[in-house]
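Here's a walk through a two-chain model, written for someone who likes the cut-offs spelled out. Have the viewer open as you read.

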Amino acid sequence: MAVYESFAAAVVVLAAVVTLVGIAHWGLAQGAGSTWPQRAPYLGGGTQESHAWSRYHARWFPMALVFIAFEMEMMFMYPWAVVFAAEGGKAMVEMGMFLGLLSVGLVYAWREGAFRWQ
Amino acid sequence: MAVSPWRRLARGAPVEVFAAAGMGAGLAHVELASVPDLRLVASPRHATVLVAVGRFPGPLGAALARLHDQLPHPRAAVWVRPAGVVEAPAALDGADLAQTVAHASASAVAVGRALRDGAPSRPDVLPDAPPHPFEGLGDHRQGGEGMMGGVPWGRPMAMTGPDRDGLSLDRSEVRMGPFLVGMPEGVTVDAVLQGGVVQEASVVDLDDGEGSGGSPTSLRRHRLRWLTETCRLAGLDALAARAATVAVAPVDADHSDRDGAALVRAVRRSGLVTTWRDLGDGGAAAARLDEVLGRLESSAADEPVAPARRPSLGELGHHVLGLTWSDALVVLHSLDPSAIALEADA
C-alpha cells in the first residue's frame, strides 16, 4: 500500500513541478520581446479606433434559455419518478407547481421570439 | 550535435512569407505564391519574412510600419522597389532591395534560412509605447477618464446605437486593411461594427494617384491573380498555389491551356461558387466568381493589356452593409475595382 501511496505522491509532485515550470516558461515568453506594437491586434495594418470592450447581441441567448428550461425539467423528473411511486398524488401536485413555474420561462422565451427561426 | 539532422530538415522547410502589396504590385502575389520554397501566410504573426512590393505613399507607409512590427522575432524584410522610387518608407529602411519579384523570392528564401541559422532580427520601427497613451492620465492618475462617453484607456469607449434586432448596442469603430488577404490593393475600410456585423462602412483609397504602374500583362493573368487571391481568402491554399503556378506558366503554343481548364474544374468542384451564393449579398460575388471561371474556360488567349487606371471607389462601402465582416471581405474582394476596370476595357 505504501508503495502505491508514495508513487501517487511522486506523480502529484511531478505534475505540480511540470505545471509550475510550464507556467513560468509561458510567463517569461509573454514578457520577452513583446512590445506595444507587437501586442496590437492584427487588422491588416489598420487600427482599432474605439475601445475594444463592446457589448453585442448574443443571438443564441433565447435558444439557450429554452434549452435550460426543458433540460432541467427533464433532469428533475427522474428522481421525482422514484418519489412519485411512494408519495402518489402529493408528488403529482408538487411536480405540477414546478412545471407551472417552468412554463412561465417558456412563455417568456416565446415572447422573445425564441421559436421563430431567423 | 544531436539536433543537427533536425536542424537541417527544418532549414530546408519553406520560408513563411507575408506579402504586403503597395501600389503597382501587379502580379506579385501570384509570383510569390508559385515559388515552392516560399509559403505565403495570411497573417504577419505566422511570417518570418515580410516581402513588400511597390510604392507605399503616406498612410500606406504608416500601415506598413504597424504590420512590420507585428512579425515575431526573428524577422527580415525584402522590398521590391519600383524604378524611380528613392525614399524608403520607415518600415523598409535598411531592408534587402530587389529589382523584380523573382529576385525578391530568392532573397526571401536566403534571408529566411539565414534567420534559422541565427542571423540577427530586424528591430521594431515604431516606439515601444501605447498607440493611444493612457498611463498616468486622469484625476487620480488611474489611466484615462470616465466610462461611457469617456476615454478610459486611451481610446474612446464604444457608444450605443440601434442594431438589426431592435436593440441598442455598442458600435465599435475599426480601420481594416490595407494588407488583409483579399482586400483590393491600397484600400482600407473604416467600419462601424456591432458584434461582427458591418453597420457603416466607408472605403478609403490610399493611392496617391500616380497611376497604378506595373508592367502590362494579360487579362488571363489578371483573372488568375484574382482567382489565386479568391482561393487564399477561402482558405483553399493548395488551390491558390495551383492557380498561381498556372498564372506564371507560359501559355501552350497551341492555346490548349489544359492546366487552366483543370484548375477551373477543380475550383468548381471545391463548391466555392455554391458557398458564396449564401453570403447575403444576393449572390453577386458568386456570380462574379462564376463569370471569371467561365471566361478562363472560354479563352486561353494571352494578349497583353495596358494596366488600367483605377476608377473611383465611390459607393463600394454600400455593398457590405449588414454583412458579417468575413462576408464583407469576400464581397469587397469580388468587387476589386482594378479587376473590374480591366474587364470593362476588354
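In chain B, β7(B) and β8(B) run antiparallel and are joined by 5 bridges; strands count as paired here if DSSP finds at least two bridges between them. Within that pairing, R175(B) has D190(B) in β8(B) as its bridge partner. β7(B) also pairs with β6(B), residues 159–162, again antiparallel, through 4 bridges. There, T160(B) sits opposite D170(B) of β7(B).

Before going on, some housekeeping. This is a predicted model, so local features need pLDDT of at least 70 and side-chain atom pairs need pLDDT 80 or more, while totals for chains, interfaces and linings use all residues. Residues are numbered from 1 along each chain as its sequence is written, with chains lettered from A and ligands numbered from 1 in the order in which they are written.

The loop between β7 (168–176) and β8 (187–194) of chain B holds P178(B). The peptide bond joining G177(B) to P178(B) is cis, with omega about 10°. V181(B) is in the loop between β7 and β8 too. Is V181(B) buried or exposed? V181(B) is buried, as 20 other C-beta atoms lie within 10 Å; the cut-offs are 20 or more such atoms for buried, 12 or fewer for exposed and partly exposed in between, with C-beta atoms placed from the backbone. Leaving out residues up to four places away in sequence, V181(B) touches A42(B), E229(B), R232(B) and L233(B), where a contact means backbone-placed C-beta atoms within 7 Å. For a sense of scale, V181(B) and A98(B) are 83 residues apart in sequence and 23 Å apart in space, C-alpha to C-alpha.

A cis bond also links H73(B) to P74(B), with omega near -10°. P74(B) belongs to the loop between α3 (59–69) and β4 (76–80) of chain B.

## Chain B as a whole

Chain B has 11 helices and 11 strands, taken as DSSP runs numbered from the N terminus (H or I for helices, at least four residues; E for strands, at least two). Its C-alpha trace spans about 75 × 60 × 45 Å along the principal axes. Buried residues make up 42% of the chain. Of the contacts in chain B with a separation of 6 or more, 65% are between residues 24 or more positions apart.

Chain B is assigned domain 1 (4–116) and domain 2 (217–345), with bounds from an automatic or database assignment. Their C-alpha centres are 24 Å apart. At the contact, 8 residues of domain 1 of chain B meet 13 of domain 2 of chain B.

The largest nonpolar core has 90 residues, with V17(B) and V51(B) having the most contacts inside it. Such a core is a set of buried Ala, Val, Leu, Ile, Met, Phe, Trp, Tyr and Cys residues joined through C-beta atoms within 7 Å. Helix α6 (residues 237–248) of chain B gives the largest share, 7 residues. Both domains of chain B contribute to this core, so it lies between them. Beyond its neighbours within four places in sequence, V17(B) is in contact with residues including L32(B), L40(B), V51(B) and A108(B).

## A covered helix

How many residues of helix α10 (residues 325–334) of chain B are buried? The count is 8 of its 10, among them L329(B), V330(B) and V331(B). The cover over the buried residues of α10(B) includes β9 (197–205), α5 (219–233), α8 (272–276) and α9 (284–298) of chain B.

## Chain A and the interface

Chain A is assigned domain 1 (2–36) and domain 2 (61–111), and the C-alpha centres of these lie 45 Å apart. The contact between the chains takes 20 residues from chain A and 40 residues from chain B.

Methods:
Contact = placed C-beta atoms within 7 Å.
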